[in-house]
Amino acid sequence: MKKTIYKRIHIIGSVGSGKTTLAKEISSWIDIPYYELDNVVWLRLESGDIRRTEQEREEYLNSILQSDSWIIEGIHNEDWVSDCFHSADVILFLDTKYSIRTYRIIKRFLKQKLRIEKANYIPTLAIFLKMFKWNRYFEEVGKINFFNKYGIHKDKIKVINNAKCIKKYFN
């Protein structure tokens with residue numbers, strides 16, 4: 001049986017689903033760079049984050065998509081990321097349990113506040129509370145919207161309930 005080699009991987013899931021962790025792991029296994037969609041949306045500066053214009057965001061994303069290989073991860077499934085899904089060899093949909101995601105949001109915030117874990121953003125109470133809102137929204141709306149909009153790619157969507165089983169796609 002011939003093994004499929006994925007060179008363009010899109011990982012989608014809610015806040016706390018394990019997207020960034022998985023992207024980093026896969027990147028190290030197969031030596032492909034990974035990109036966080038949040039960093040496509042936001043220009044990260046020492047003085048604070050600045051939201052990119054739509055044109056800047058699309059130009060940045062297109063420059064990534066034109067590469068031979070990439071791993072893109074993020075919660076976003078709006079129209080501006082549709083080319084990611086169309087161009088991907090495989091789409092990994094992380095369907096981590098809601099309770100696990102909630103636990104991870106709390107754990108991440110505490111680690112960031114204690115400076116044990118680095119954040120791309122300033123971990124404020126306001127952002128912490130928004131993460132719960134985004135998590136609930138993804139559960140109730142985002143997941144449904146994703147499959148309604150991108151179900152046409154069902155042949156390349158892999159729903160992952162347990163990230164420990166992911167190695168079977170890459171070994």
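Author: A surface patch is made of residues with over 30% relative accessible area and no salt bridge, and nonpolar side chains are joined into a patch within 5 Å. The model shown above is predicted.

Reader: Which residues form a nonpolar patch on the surface here?

Author: The patch consists of Ile106, Leu110, Leu114 and Ile116. Together these residues have about 410 Å² of accessible area. One of them, Ile106, is found in helix H5, which covers residues 98-113.

Reader: Is Ile106 to be read as buried, partly exposed or exposed?

Author: The general idea is a scale: a residue is buried under 20% relative accessible area and exposed over 50%, with partly exposed in between. Ile106 has 36% relative accessibility, and therefore counts as partly exposed.

Reader: Are Asp31 and Arg115 buried or exposed?

Author: Asp31 has a relative accessible area of 70%, so it is exposed. Arg115 counts as exposed because its relative accessibility is 76%.

Reader: What is the volume of the second largest pocket, and which residues line it?

Author: A pocket is an open set of grid points, and its lining residues have an atom within 4 Å of a point. In this model the second largest pocket has a volume of about 250 Å³. Its lining is made up of Arg44, Leu45, Glu46, Ser47, Gly48, Asp49, Lys118, Ala119, Asn120, Tyr121 and Ile122. By class, four of these residues are nonpolar, three are polar and four are charged.

Reader: Where is Ile122 placed, and is Ile122 buried or exposed?

Author: Ile122, one of the pocket-lining residues, belongs to the loop between H5 and H6. With a relative accessible area of 62%, Ile122 is exposed.

Reader: How far apart are Ile122 and Asn145 in sequence and in space?

Author: Ile122 and Asn145 are 23 residues apart in sequence, and their C-alpha atoms are 29 Å apart in space. Ile50 lies in strand S4 (residues 50-51). Its relative accessible area is 45%, so Ile50 is partly exposed.

Note on methods: Residues are numbered from 1 along each chain as its sequence is written. This is a predicted model: local features need pLDDT of at least 70, side-chain atom pairs count only at pLDDT 80 or more; totals for chains, interfaces and linings use all residues. Side-chain values use heavy atoms; hydrogens and water are left out. Patches are made of residues with over 30% relative accessible area and no salt bridge: like charges are joined within 9 Å, nonpolar side chains (Val, Leu, Ile, Met, Phe, Trp, Tyr) within 5 Å. Accessible areas come from the Shrake-Rupley method with a 1.4 Å probe; for residues, only the protein chains shown count as cover. A salt bridge is a side-chain nitrogen of Lys or Arg within 4 Å of a carboxyl oxygen of Asp or Glu. Helices (H or I, at least four residues) and strands (E, at least two) are DSSP runs, numbered from the N terminus. Buried means under 20% relative accessible area, exposed over 50%, partly exposed in between (1.4 Å probe, protein chains only). On a 1 Å grid over the protein atoms alone, a cavity is a set of points where a 1.4 Å probe fits but cannot get out, and a pocket is an open set with protein on both sides within 12 Å along at least five of seven lines; lining residues have an atom within 4 Å of a point. Grid points are joined across faces, edges and corners, and a volume is the space filled by probe spheres set on the points. Ala, Val, Leu, Ile, Met, Phe, Trp, Tyr, Cys and Pro count as nonpolar, Asp, Glu, Lys and Arg as charged, and the others, Gly among them, as polar.
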